[in-house]
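Here is a short briefing for a reader who is new to this structure. Please look over the sequence and the model before reading on.

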Amino acid sequence: MLNAKPTIKSTLKALLYLLPMLVISITFSIYPIIKSFIMSFYTKYDFFNDIVSAYGFDNFKFLFSDPDFHIAIKNTLIFVVGVVPLTVILSLVIALLLNRIKWLSGFFRTVYFLPFVTSTVAIAQVWHWIYNSDYGLLNYFLSLFGVSAVSWLESPKYAMLALIIMSVWKNLGFNIILFLVGLNNINERYYQAAEIDGANAWHQFTNVTIPLLSPITFLVSVNGVIGSFKVFDQIFALFNGTPGPSKSALTIVYYLYQKFYTEWKYGIAAASGVVLFFMILLVTVFQLWYSKHHVHY
Amino acid sequence: MKKKSWQRALLTVASLGLALTLAACGNKSASDSKANSNEPVKISFWNGMNGPYQKALKKIINDFNSSQSKYKVVSTAQGDYTALQQKIMAAAKSNSLPVISQTTYTTVPDYSKNNLIEPLDNYMLKGDNKLSSADLKDIYPSFLSSSKYQGKYYSIPFSKSVRVLYYNQDILDKYNLKKPATWEDIAKDGEVLKSHGIYGMGFDKSWDMEFEGLARQAGNPLVGVDGKQVNLDSADTLKAANFIMDMVKDGTAKTAGEDFYWTQAFTQGKSAFYAGSSAGVTQMVAQAPKSLHWGTMPLPSYNGKKATEIAGNDIVMFKSASAEQKKGAWAFMKYLMSTKETAKWAKATGYVPLRKSATKTADFKDYLKKNTYNQAAVDSLPNGFQSNAFLGFSEYRTKLLEAVDAMLTKNEPVKKALTNLQTETEKIIKDNQQ
């Protein structure tokens, strides 16, 4: 069966099997993507009646000269760089620890996974309290070490840090589960062989675990990068529907949201989405290229 | 056998597709078709009311529906105001707008430019169900003027609140202070209280509403009617903004910041005064400890004048509805504005009544006697104003909030922030006129 030559009939058959998923992804992903690409060139547009009276590059020109968009790009990059490596490292460490203990490991797995399935708004509400400068838990702990109260959510200096901490915490659960799966897939024999060769725990980790875990690490980081580039809901919920003090948490998607929903500038919103698309594409292509050399399947 | 199952699969997929299409069509024809002549005309009504407000609204709608048999109002809660706004936008795009919806009057210019909403003049001022001139005189002028855009009425006032001053009687007594008659008194009291670690004044996260009030009292609205005149960097406006920011910088006033509303801090005795929404009274009653003595009063005067900003939502009628639905919708709107219903609504929710006569009914007077905290809002109404709406208002408001935020969190000088805002606002108005 597997080696059968493709015929028109078998291709049609394959298409039939793919159809349900294809219909869904074309309607909800491919079509909107194409539509927003086209929309980014609308410079004069009657949104409600769908009449376009002029096309052009003005939306992109506007973006490149808009200081707010520059802030948005900068903040998005800071967020990605802040969140992804930290999430990968932390979840790997926690997964390794969970893999060692047998006692209560199911319990801990659930605990770490909970933030992932909890609604972002609920999480943000809780963190909102934790970060409160007057009666927040975080400032209380810091005060035990003599650190004076930090205005986490109201100071442009700390708002992004607050957002990154919350996002890392929220992302941990899912990545830990992925790493655990990866760890379980590593054949015990490699470790036995390594032990016979006299490798200590550290050498086993760097020479067996890390290389054999690389497909998962790759998956987790690609996922993390894409997800972090698209950050929006955490910001909206954590900063009460504002992009943080003095726009310190204004990201590209937040910018897009503002342009679309509060300023009704559909073309510019679409154009910022296109810019985001290419930024993610660029980084993902780079990751793929890197993975060719460093990921071992 | 194999072939058969393949064909069957194809058949399933095809019939599923057909069923979906039919279902979609069926849906459309159901909503489009006129109901039997005996059945009441359905008036769909979207709103952003939650909790006790939703309950109060349901009650009034039920009363309306049972008061006559021609129309039936069906209300749908669409989440909060932001979500409601987004749903209207999506519905306008997909031609599935309701007959009427709650919205802020500031969206009226944009909605009318896009030809989405129906002017109400034909129902409100003409025809057999119009408002009498006595009715028009009875409704507070600030509500009527904000319902009007370019000479036509487009909305009716609905859920409205004003800014009032909350005061902490315990603090006033302890430091021998009087209730303020002017904003200068508040600043002076702030100086006294500062040495005791208490703020004079507390604001919500943004002080834009108090700011607009002060600017009007100083001499000009922030933006003139229809956006014809932008006064954001005028001497009067700067004076108003500086008055507030001087208190904040001096440490005699504070904004709520991350808490969003100053309510929590007020109940903890962090300030003697708090300029907040009259709709917040309900929350304050729920949150304030029983031992705290507090009260509300109209905002004090500034520059010898009184002014308080009215916030809240209106109801608009969409063009897409049928003539019969529009007639019914107007009947419902008129019902909502009637003396009896607006008094009932105000009593149940804490929003202000829309008519002067409603405040004079024995029933409402009795209510105010029992709920003294709500008196200040009613007393403030004659001095109420609303910002002028213009094309691009929501974008302007975002920029205004950003400017206030920059002054508070980035220490941007008042003059610089407002000069920027002036340029941005002029550009917004110009861009929208094209």
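**Briefing**

Helices (H or I, at least four residues) and strands (E, at least two) are DSSP runs, numbered from the N terminus. This is a predicted model, in which local features need pLDDT of at least 70, side-chain atom pairs count only at pLDDT 80 or more, and totals for chains, interfaces and linings use all residues. Residues are numbered from 1 along each chain as its sequence is written, while chains are lettered from A and ligands numbered from 1 in the order in which they are written.

**Records for chain A**

- An unreviewed UniProt entry marks "transmembrane region" at residues 12-34, 77-98, 110-131, 137-153, 160-181 and 266-290 of chain A.
- UniProt positions are given here in the numbering of this model, with shortened feature names, and annotations may be inferred rather than shown by experiment.
- Residues 77-98 of chain A are 100% helix and 0% strand, with 31 Å between the end C-alpha atoms.
- UniProt (unreviewed entry) also lists "domain: ABC transmembrane type-1" for residues 73-287 of chain A.
- Over residues 73-287, chain A is 77% helix and 0% strand, and the end C-alpha atoms are 20 Å apart.

**Helices of chain A**

- Helix α2 (residues 58-65) of chain A packs against helix α12 (residues 266-294) of chain A at about 70°, with the axes 9 Å apart.
- Axes are lines fitted to C-alpha atoms, for helices over the stretch in contact, and angles run from 0 to 180 degrees between N-to-C directions.
- That angle makes α2(A) roughly perpendicular to α12(A), a term for 65 to 115 degrees.
- On α2(A) the contact uses A:Asn59, A:Phe60, A:Phe62 and A:Leu63. On α12(A) it uses A:Gly267, A:Ile268, A:Ala271, A:Ser272 and A:Val275.
- Two residues are in contact if their C-beta atoms, placed from the backbone, lie within 7 Å.
- The residues of this contact of α2(A) with α12(A) are 6 nonpolar, 3 polar and no charged.
- Ala, Val, Leu, Ile, Met, Phe, Trp, Tyr, Cys and Pro count as nonpolar, Asp, Glu, Lys and Arg as charged, and the others, Gly among them, as polar.
- Helix α6 (residues 137-144) of chain A has 8 residues and 0 of them are buried, so α6(A) lies largely in the open.
- A residue is buried if 20 or more other C-beta atoms lie within 10 Å of its own.
- Just after α6(A), A:Gly146 has a positive phi of about 80°.

**Where the chains meet**

- In chain A, 21 residues are in contact with 21 residues of chain B.
- On the chain A side, α1 (8-39) and α11 (252-262) are the elements that give two or more residues.
- That side of chain A has 9 nonpolar, 9 polar and 3 charged residues.

**Chain B**

- Chain B has 20 helices and 12 strands.
- Its C-alpha atoms fill a box of roughly 90 × 55 × 45 Å along the principal axes.
- Of the 434 residues in chain B, 46% are buried.
- The domain assignment gives domain 1 (41-160 + 311-378) and domain 2 (161-310 + 386-433) of chain B. Such bounds come from an automatic or database assignment.
- The centres of domain 1 and domain 2 of chain B, taken over C-alpha atoms, are 28 Å apart.
- In chain B, 21 residues of domain 1 are in contact with 23 residues of domain 2.
- α4(B) gives the most to the domain 1 side that touches domain 2 of chain B, with 4 residues.

Technical notes:
Buried ≥ 20, exposed ≤ 12 C-beta atoms within 10 Å, placed from the backbone. Parallel < 35°, antiparallel > 145°, perpendicular 65-115°, else oblique.
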